[in-house]
Amino acid sequence: MRLQLCTWPEVEARLARSTGIIVPIGSTEQHGPNGLIGTDAICPEVVAEGAAERIDALVAPTISIGMAQHHLAFPGTISLRPATLIAVVRDVVQSLARHGFREIYFLNGHGGNVATVQAAFAQYHSEASFTGVDGPAPRLKIANWFAGRRVAALSQELYGEAEGSHATPSEISLTWHAYPDRARPMQMEPRLAPKGAYGDAFDYRRRFPDGRIGSDPSLSSVEAGTRLYEASVEDTIEDYGAFVAGN
């Protein structure tokens, strides 16, 4: 169930039987020549809603803008500064905690968010500790939709070294599963994009001119996206269930 499709009495009633919630979080950034700009938000949102349907979980609205300053040399990218994202995550957690949510599970689609979200968790816990809140703070976790054991194995099977690390065929395939009318098959030149480190947005575009890092998203397909969707839904159900159970 999506939080924004509930009434407040429905949320209050749900809290009497379950205090867990899934918060999809991603980014709005370029994903190479044939990847949607919303890829990193679409993927966790689709997986979270698929998992929630099967286990009757609650899904919060997606935090769709993340820490993506290094992509700002490509048109369409929208980024938050790290300090801004920390504030957003902290305020979301505080809002949910105030209502009684105690297991808050962030399902992430953008690797660049991880350190910042973990810093937001640390700041939230620090504030609770210093103010001497009476009672336990909510438990917090960030998990990447693409890092579960089923997805990792399937990505390796399908793409091997061509998966790369940005504008990957796995993530692009998953968005095409969600929006097949937006599939844009095309060949890439070079087939495998270069790899390496980067600094600011100018440096990123200079090193990776078409936006890819180490990947060949010409291998993307709707069919593969459907398989990856099923794998990630199963990974998420397993991991979220263990989290809510306190494991």
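User: Taking contact to mean heavy atoms within 4.5 Å, which residues does Tyr-105 touch, not counting residues up to four places away in sequence?

Analyst: This is a predicted model, in which local features need pLDDT of at least 70 and side-chain atom pairs count only at pLDDT 80 or more, while totals for chains, interfaces and linings use all residues. Residues are numbered from 1 along each chain as its sequence is written, and side-chain values use heavy atoms, with hydrogens and water left out. With sequence neighbours up to four places away not counted, Tyr-105 touches Ile-21, Ile-22, Val-23, Lys-141, Ala-143, Thr-236, Asp-239, Tyr-240 and Phe-243.

User: What is the order of the strands in the open sheet?

Analyst: Strands (E, at least two residues) and helices (H or I, at least four) are DSSP runs numbered from the N terminus, and two strands pair if DSSP finds at least two bridges between them. Six bridges join β2 (residues 103–108) to β3, which run parallel, and Glu-103 has Arg-139 of β3 as its bridge partner. With parallel pairing, the open sheet of three strands has the order β1-β2-β3.

User: What angle does the direction of helix α8 make with that of β2?

Analyst: Axes are lines fitted to C-alpha atoms, for helices over the stretch in contact, and angles run from 0 to 180 degrees between N-to-C directions. Helix α4 (residues 114–131) packs on the sheet, touching β1, β2 and β3, and its direction makes about 180° with that of β3. Helix α8 (residues 222–244) also packs on the sheet and touches β1, β2 and β3, its direction making with that of β2 an angle of about 155°.

User: At roughly what angle do the axes of α2 and α6 cross?

Analyst: The contact involves residues including Ile-42, Cys-43 and Val-46 of α2, together with Leu-174 and Thr-175, among others, of α6. The axes of α2 and helix α6 (residues 169–178) come within 9 Å and cross at roughly 60°.

Key:
Contact means heavy atoms within 4.5 Å.
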